[in-house]
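Grab a pencil and open your viewer. Below are a few exercises, each with a worked solution.

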Amino acid sequence: MAAPDRGHTLLLNSLGRSNTTGTPLPTIQALIVHYLANIHPSPTPLAATIVSSPIFLPFSHSKLEVLSTSFRHAVHSKLQVLKADSSGLFSPSLDTQLNVWSLAIFQGLEGGHAIIRLACCSGLLLGLDDILQHLPAKKRGVKGIAEDELVMTFADVIDQFSTSDTWRKEFHSAAESADALALSLIIGSQSLLLVPSQKFTALPLSHLLGLIMRAIEDAFDSGRFLSSLQSSLCSKAEFKIHIPLDSPISKSIKNISNSISMAYIGSISKLCARTVSLFVDHRPNVALPLISEAYRKLNSITAHVETDWFVTSLCGATGQSLLSPDAREVTTAIWATLKTLLFSVIMITEAGLSALVYIPSTSAVLPSTSTLAVIVLQALSHLSFVIAQFGGAGYGAFDELKRLFYLTLDVLGSDVTESNEYARHLCVVESGLESLTAHPFYQAKKAFALSAIEQLISVLNEMTIQELVFPTCLPHLSDASHRETFESAHSVVLAIFASHAQKARESTSQQGGGFTRKIVPFYANCLIDNSVQGRLSTLQLRLAFAALVRSAASTADLSLAWFCIDCLLAAVASTSEHDDERKHRLHLTLISCVPSVPLALLPRLLDPIRSFMDAAQDEKKRQELIDALFAEIKVRVGDREKEYMIRWWGELRMKWAHTVPGREEIQGVYDLDTEVALTPRL
């Protein structure tokens, strides 16, 4: 461009003014894109003019986004210009020309305000990443310069917010507001995720983690955004719960929801997750105390939220009909914020724990991984009323929550002492809420606690199980009014039996497990009581009773195992003829016990099974019984019992010839390596 044209003059004049009343920002953006890509001989002077322009002060997301987008689009425009101009055998390659052009822009950005330079560098790196697909595979190193400049610029930004120099703080006061910090993290998070790990770790990660956590605390008002909820609730006409639109909570939630930090909290959380992960990988001894502090801040935020939520009538509301239209609008915004908080906690804590599992604890001074796991579980427990909206924390949770939940419990389970202390703490806390048994908040807390304890049963000592865990489960074993708590309680008890059976197989002595054997008769009758309609499903009943019998049969004394079978036979005999469905379920349950009993008890069990199968009048149910028994023989019966079962089946095949498979089919499809492990979760 031999001489400045009208557009160039307009751009320079606009950049020289301190306001945008003359030229709209979209017009300035288009002009920057065009002239950065087309100006000759070098874009350095224009880049210097842009970075020093007062038009981008004071900082706002729209202004910084214009800058970032301008430089990003300029890369695309420059690529088209270079492609159009490339001619001749000795012309420089595209990547060489892009490197020269990028370097010239970075030279122009030198000396500008760090946050403005960050927006420019971020846009340039995003643009270069966009065009990689248009370059040859061996010419894709054009991002290297931009990555280096971005890291150095972001380090300058971190320094501005982290410095303890009073004079510099005053000099940079315009950039040190909470909004400026959030804006810097938002702009940086869009491009820093593209920076390779070895370059990312050149940043002062300790200061970066502290700044991110400060931004997250500001975004959620340190967990105090519900502090005015109780005082804002009232009733109106036929609605039990009303929230005026001009109430303090309405204003508070509106401010939180409309803040720029909340709009981009996902990007900030993702940046935090990467920072935590790389911090642990590269400097674990430095990282552990700082990550522990960060997790405690998240725990504090969630604790404040739980405290403020629990005291309100919304906590116990079970339907929208209780809420006025205005209350529904505010409540929707509250729940959106709560779910956002949950997702942020999951993203940040999962990244740290995933990295920590590979780091050995080398010092007693540093916090252990099990301590961090407890902090994470406490934070999740505080949000259990939110987690309940997603199906709970265990088996029914969404994938990200499920992965974090089980990972955290695996980490905690490696420390037996800490696991027992945590389980005892959970049980003690839950016992203090017994007066609120029917309250949704209590049910959510209880379900979370039981789901956590279930996974720790294998490392809990018998005293903890006997004195605290089992009494915690006991009130819920026959109460199906809250399905998740009901099933979780049974899952914990089944985990106790499964753990007992596992330890019995691994131990040569028969000592220990006395409490588990004591509760076998109680639980056998409990399962039979829960065989009625509306409690345990048929599949749950079958799995549970098979697990109970397997645990009872794990010792040399088989009397307990037969006691369970005898209870089931007595229940079948006492069931009314008019309750065919329950009797059929009990028959199926008895069949499910076949793989669980040892060879010594097998003939005694098969005799009543053959009797009620022969006596079945309903052909459809009889066929279901035969198919169920065949499935148990084919898949689950152990090697020692298999020969006897095949011989027994062969003797009956002629009697059931029109409905059953033969001996050859069983032998042909039986896989000796197949083992269906018991899953305590119902």
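**Before you start.** This is a predicted model, where local features need pLDDT of at least 70 and side-chain atom pairs count only at pLDDT 80 or more, while totals for chains, interfaces and linings use all residues. Residues are numbered from 1 along each chain as its sequence is written, and side-chain values use heavy atoms, with hydrogens and water left out.

**Exercise 1.** Work out what the protein chain is built from and what share of it is buried.

*Solution.* Start with the elements: the protein chain has 33 helices and two strands. Next, burial: 52% of the 682 residues count as buried, meaning under 20% relative accessible area with a 1.4 Å probe, protein chains only. Last, contacts, that is, heavy atoms within 4.5 Å: among those with a separation of 6 or more, 75% join residues 24 or more positions apart.

**Exercise 2.** Find the largest nonpolar core and look around W309.

*Solution.* First, the term: such a core is a set of buried Ala, Val, Leu, Ile, Met, Phe, Trp, Tyr and Cys residues joined through side-chain atoms within 4.5 Å. The largest one has 213 residues, and L226, W309 and I609 have the most contacts inside it. Helix α17 (residues 325-356) gives the largest share of this core, 13 residues. Now zoom in on W309: leaving aside neighbours within four places in sequence, its contacts are L226, L229, L314, C315, I334, W335, F385 and F441.

**Exercise 3.** Describe the largest cavity and its lining.

*Solution.* On a 1 Å grid over the protein atoms alone, a cavity is a set of points where a 1.4 Å probe fits but cannot get out; lining residues have an atom within 4 Å of a point. The structure holds one cavity of 30 Å³ or more, and the largest has about 50 Å³ of space. Its lining is S384, I387, A388, G392, A393, A444, A447, F448 and E484. Helix α22 supplies the largest share, three residues.

**Exercise 4.** Which residues lie nearest the centre of the second largest pocket?

*Solution.* A pocket is an open set with protein on both sides within 12 Å along at least five of seven lines. This one has a volume of about 500 Å³. Of its 20 lining residues, W309, L314, A317, W335 and Q389 lie nearest the centre. The elements giving two or more residues to that lining are α17 and α22.

Technical notes:
Buried < 20%, exposed > 50% of the residue type's maximum accessible area, 1.4 Å probe, protein only. Helix = DSSP H or I, 4+ residues; strand = E, 2+ residues; numbered from the N terminus. Points joined across faces, edges and corners; volume = space filled by probe spheres on them.
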